[in-house]
Structure formats: structure tokens, C-alpha cells
Amino acid sequence: MTETSSPPAGTVMFPRPKKRIRGRSIAILVFLTMAALFFCIPLYVLVTTSFKTMDQIREGAIFSLPEVWTFEAWRYAWDEACSGITCEGLKRGFVNSLEILFPSLIASIAISAVTGYALALWSVRWAGGFLFLLFLCAFVPFQIIMYPLIVITVNMGIYGSIWAVAFIHTVLAMPVLTLIFRNYYKDIPPDIIKAAVMDNGSFWRIFIEIILPMSGNILIVVLIMQITSIWNDYLIGVTFGGLGAQPMTVNLANMVTVTTGTVSYNVNMAAALQTAIPPLVIYFVLGKFFVEGIAAGAVKG
Amino acid sequence: MGIRWSRLTPQLALAPAVALTAIAFIGSIGWTILLSLTSSRRLPDYTIDWSDPLRQYRRLFADLGWNIALSNLIILAIGSALAIVFGFVLAAMIERERRGEDFFRTVFLYPLAISLIVTGVAWRWIFNPSLGIESFFHSLGMTWVSFNWLADGRTAMYAIILASVWQSSGFYMALMLAGLKAINVEIWSAARMDGVALWRVYLEIIIPMMKFTFLTCAILLSLGVIKAYDIIVAMTNGGPGQSTWLPAYFTIKAMSAKGNLAFASAAAAMMLAITVVVFLPLVLLTAWQQRARKGAAG
């Protein structure tokens, strides 16, 4: 690690003894690098194992690079691997996950944005009480509402379809997302709304013409939060998806846990990577918004 | 005219959210609690046996699996707290050094973008006794090293803790980093001028100042621990035996496998009770902290 004698401008406001910087800096960087290596181990092992042949895997050197790089495991995991009783690979689950993702995103963001907007900017008398209720709902464990929701979706005639999964994603995301939108919209000066109302603007026209164009940032943050959480969900998919609408995570879990005969670790790792790639791509491309999404989702009100 | 119109529309626009809250949350919670007081088996039966309404709860606490789940919950909570400590150390180092901040943050945070099922698959492979990290150490001649944690009921929870710490440390690091950056730089210079040792500055000034961040982390941690389910499915599926059962896992298993609805509902109700008991003080404390902070700032 090369040492620069002057720290980056604007970051350090007080003089630090020059001599001590070097040693401490090096120690910190060494520690951080070791931590980074620890964090990379699972990804490294996933990638290398997925490109190895089973013959090489049986030799037992988990950290070695593939002697021959082969895409066979990737193809097999995508096309043929067995998950439960069907052997169609992960591609079916991939399609299901996409089909679940879009309606869930649209419905959850639409309902939460409108609710957050109404609560933040229109003087609804019971807004405070309702917000507090939503805040409490954000903490409710899924198990306590699981059975009633199954009964409700069965009675709606959607249980076991992508619509049930999308509906439940919408319901469960609604409290947190509403709080996030409400917190974002409450900083909009009320004068803007008053002027718009004077101008004969209706609730919906103000939302579409004034509020939505101002919501770009928060929409991206919420979108990223929702894409990763819906894509990575297992419990809702396995509970409400039945056999026909299982998302990719459920297929993956079935593939790796219910295996008979010899286990093809390279196929398992390829399948795991295929499931992880979509959210990882979003993370590496839009990392900044991802961090903001975490902070927004964390503070929750 | 515009104002009268505007009074009604917002309330109508809120109707779907209110309906969902009333039915899917409040109504459903009441529904499950009601079921927990009955003796429903496969199908719901809504007659409460008033002579002994808490029968299912008594059965629950007599159940070995539930008791294992409860003690595992505590073990997991204590173990996962390491992620907060680790996250703070990483954040403090990144904030001190600043070189490579973006790189380290990206590396520490990527596990959060991955499904816990994938995380579980990866770690189970690493813990594989004959082909995983254990055989790596053995091939180096360190045959005394044992990483066959998942096969032993006494160590399986530690493997799960390690995977959860790996998964969530970056998240706490991000929260802590935001908290550290909000701290006034002058405090540093004042403390350093006085010649206070660095570790004492952290321990006696910085950490107390970040109470709110730590509380937030504690709330999110306990929420994550109570919800922990996917990682168990992917890593151990509850095994060996019942050694890695957790309340969330127990409840889902009871709901789906046993056909004992009232019993499973009682377990779900206990999960809610645990959440309330853990959160109410934490959330109130946080709200109080926040108010105190605002009061101090204003």
C-alpha cells in the first residue's frame, strides 16, 4: 500500500501526528482487506465450484481454481436439474420470479405512494393514528397472519398462482413503503398543495402532475428495495405459490435440499449463482441507491 | 367547492390501505389468536373451550421442539449481536482511514443483496466435511481443525450464526458509517488535543453519542432473529434432529406439517408476544432518544 503524505483535501479538519498515521493506516488497511477476503469467500467458492467438473470437486480442494472451466453445470442447472418432482431446471422458476416481480412492484408502489401522499399532504383527521398503526404493522411477524391470508387468497380464487404471491408481497410491503413515501412527501411545502388546490387541482391531478414528477429519487430507492426483497423472498413464494407459481428461490431450495443419489455440487452452486445474479447486478450497478434504500427501510418512520 | 371535494377524495384514496390494514393485519392477528384458543386440528373450528382456553399454550411450552426453538432464539440473538460489533469496527476503520471507502463498503454490503437461500447453500458447501474448508485445513496438515459443525447438534447453531453474521455485518456497517459521519468533527479535535487515547474516545464519547444508531441496530437485529427462517431451511432444515429449530421454523412446520391448526396458531401468537415484549421497550426507548436529540438540537 502506497502512502500519501497529505490526506485528501476537506476530509481531515484537525492535525494528526504524522508519524503515527503510517503504522495505523497500514494496520487498518490490512485488517479491512482481511475482512474483505472473508466476505468474498462464499462468492469465490460459489463461482469456482460452479465451473469445476465433479471429478475435480471430489478431490476436495475447495479453494482451487477449476482445472478445466466448464459451463456444463450452469447449463444443467438452468435446463434440466430436478427440483422436487419436475426436472426442468431453474428457467421455470426464473420466469415465475419475473412474473411475480412486476405485478408486486406496480401494486405495492402504487398503493403505498398514494397512501403516503394522502397522509402527508392532505389533512386527514385520523392520519396520525393510522400512521402509528402502520408503524406497528411493520413489525408484525408473518406467521401470525399467515393462515388467515391463506384462507383469504383461497376465497379470492388466486391461491397457488403468481397473483396470490404478488398480492401478499403488496400487503406485507405496504406499511413500510407507506411510511417511507409519507416521510419523503411530508417535507414538500404545504403551500404548493394549497396553491394547486386553489387552482382547481384535484387530489389525483396534483398527485400525477406535481407529486410524481418530484418523486424520482424515492421511487428508485423503493424500486431497488422492492426488487431485491421480492426476488430474494422464499417464505411467501413457498407458502402461496403452490406448485405452479414457485419463484426461483423455492426451486433452488428444493433442488439443493431434496436430492437423491449423488449430489452435484457444481450444479447446486451454479443454480445458487443464477438465483443471486439478478439482485447482484442491481446492487453493483445501482449501489448508491441500494444503500439509501437500506437506510430508508431501516429507519421506518 | 374545491375544498369539499378534496376532503372526500383523500379519504377514498386511503380506503384500500385502511382495508388492507384492517383485514390483513388487525383482523388476521385477531383471527389467529382466536384459533389459538380453540382445539382446531386440520380445519378451523371456532368454538372456544372456556373451561381451558389456554390449552394449546400449555401444550406448546411442554413441547420439546418449542423449548429448543426458544433457547436457539436466544443463542442466535447473542451470536448475531457480533454482527453489530463487527459492523461498528468495520465502519470505524473505514471512517478513520477513508482510503478505499467505496471498495470496502461495496464488498461488505453485497451479501445483503443475495437471497438467504443462496447464502445458506454457499455456507453449507463451505461446511461440507469431506470436501469443504475442513478438508482444506486437513490437506495443509492441520488435522486437528474441525469444521464439521453442521453435522453436530451442539455446533450447528454456530454455523448458522457465522452465516448470519456474514450476511448482516455489512448492513450494520452501513448504518454505523452513516452515524459516524454525522458526528461533529470538532469533538475529535477537542478530544485529541486533550491527549485522550483513541480507544477511549470511541468508548467514552463516540459510542454514547451513537446511542440512537445502536438502538436502531438492536431493533433490526431482533426483528431479523425472530424472522429467521430461510437460512435454517437452506443450511440445516432444522437438523440435525431438532437442534436448529427456531420459533419461525417451528411455527411454519406446525402450520404445514402437523395439521394442528390451533397449536400452530398458539406458536404464532407467542411469536407476536415475543416481538411485542422485545420491541415495545426498544421502540419506545428509540422514540424517546430521538425526541431528546431533537430537543437538544432545537
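What is the mean pLDDT of chain B, and what percentage of its residues reach 70 or more? In this predicted model, the mean for chain B is 86, and 96% of the residues of the chain reach 70 or more. For chain A the mean pLDDT is 84, with 89% of its residues at 70 or more. The stretch of chain A formed by residues 1-12 has a pLDDT below 50, and the model gives this stretch six contacts beyond near neighbours in sequence. In chain B, pLDDT stays under 50 over residues 1-5, for which four contacts beyond four places in sequence are found in the model. For the complex, the predictor reports an ipTM of 0.88 together with a pTM of 0.87.

The contact between the two chains draws 74 residues from chain A and 82 residues from chain B. On the side of chain B that touches chain A, helix 1 of chain B, which spans residues 2-36, supplies the largest share, namely 21 residues. Divided by class, that side of chain B consists of 56 nonpolar, 19 polar and seven charged residues.

The crossing of helix 13 of chain A with helix 5 of chain B is left-handed. From helix 13 of chain A, the residues Tyr265(A), Asn268(A), Met269(A), Ala272(A), Thr275(A) and Ala276(A) take part, and they meet Val118(B), Val121(B), Ala122(B) and Trp125(B) of helix 5 of chain B. The contact of helix 13 of chain A with helix 5 of chain B comprises eight nonpolar and two polar residues, with no charged residues.

Within chain A, the domain assignment gives domain 1 as residues 1-70 and domain 2 as residues 91-299. Domain 1 of chain A and domain 2 of chain A each give seven residues to the contact between them. On the domain 1 side, helix 1 (18-51) and helix 2 (54-58) of chain A are the elements that give two or more residues, and helix 1 of chain A provides the largest share, four residues. The residues on this side of domain 1 of chain A are four nonpolar, two polar and one charged.

Another helix pair in chain A consists of helix 4 (residues 91-121) and helix 10 (residues 216-232), which pack at an angle of about 140° with their axes 10 Å apart. Helix 4 of chain A is therefore oblique to helix 10 of chain A, and the crossing of these two helices is right-handed. In this contact, Ser97(A), Ile100(A), Leu101(A), Ser104(A), Leu105(A), Ser108(A) and Ile109(A) of helix 4 of chain A meet Val222(A), Leu223(A), Gln226(A), Ile227(A), Ile230(A) and Trp231(A) of helix 10 of chain A. By class, the contact of helix 4 with helix 10 of chain A holds nine nonpolar and four polar residues, and no charged residues.

In chain B, the axes of helix 4 (residues 101-109) and helix 7 (residues 156-181) come within 7 Å and cross at roughly 135°, so that helix 4 of chain B and helix 7 of chain B are oblique to each other. Helix 4 of chain B contributes Arg105(B), Phe108(B) and Leu109(B) to this contact, while helix 7 of chain B contributes Ser169(B), Gly170(B), Met173(B) and Ala174(B). The residues in the contact of helix 4 with helix 7 of chain B divide into four nonpolar, two polar and one charged.

Conventions:
Residues numbered from 1 in each chain as written. Chains lettered and ligands numbered in written order. Predicted model: local features only at pLDDT ≥ 70, side-chain atom pairs only at ≥ 80, totals over all residues. Nonpolar A, V, L, I, M, F, W, Y, C, P; charged D, E, K, R; others polar. Left-handed = near helix turned anticlockwise from the far one by under 90°. Axes fitted to C-alpha atoms, helices over the stretch in contact; angles between N-to-C directions. Parallel < 35°, antiparallel > 145°, perpendicular 65-115°, else oblique. pLDDT = per-residue confidence, 0-100. Domains from an automatic or database assignment.
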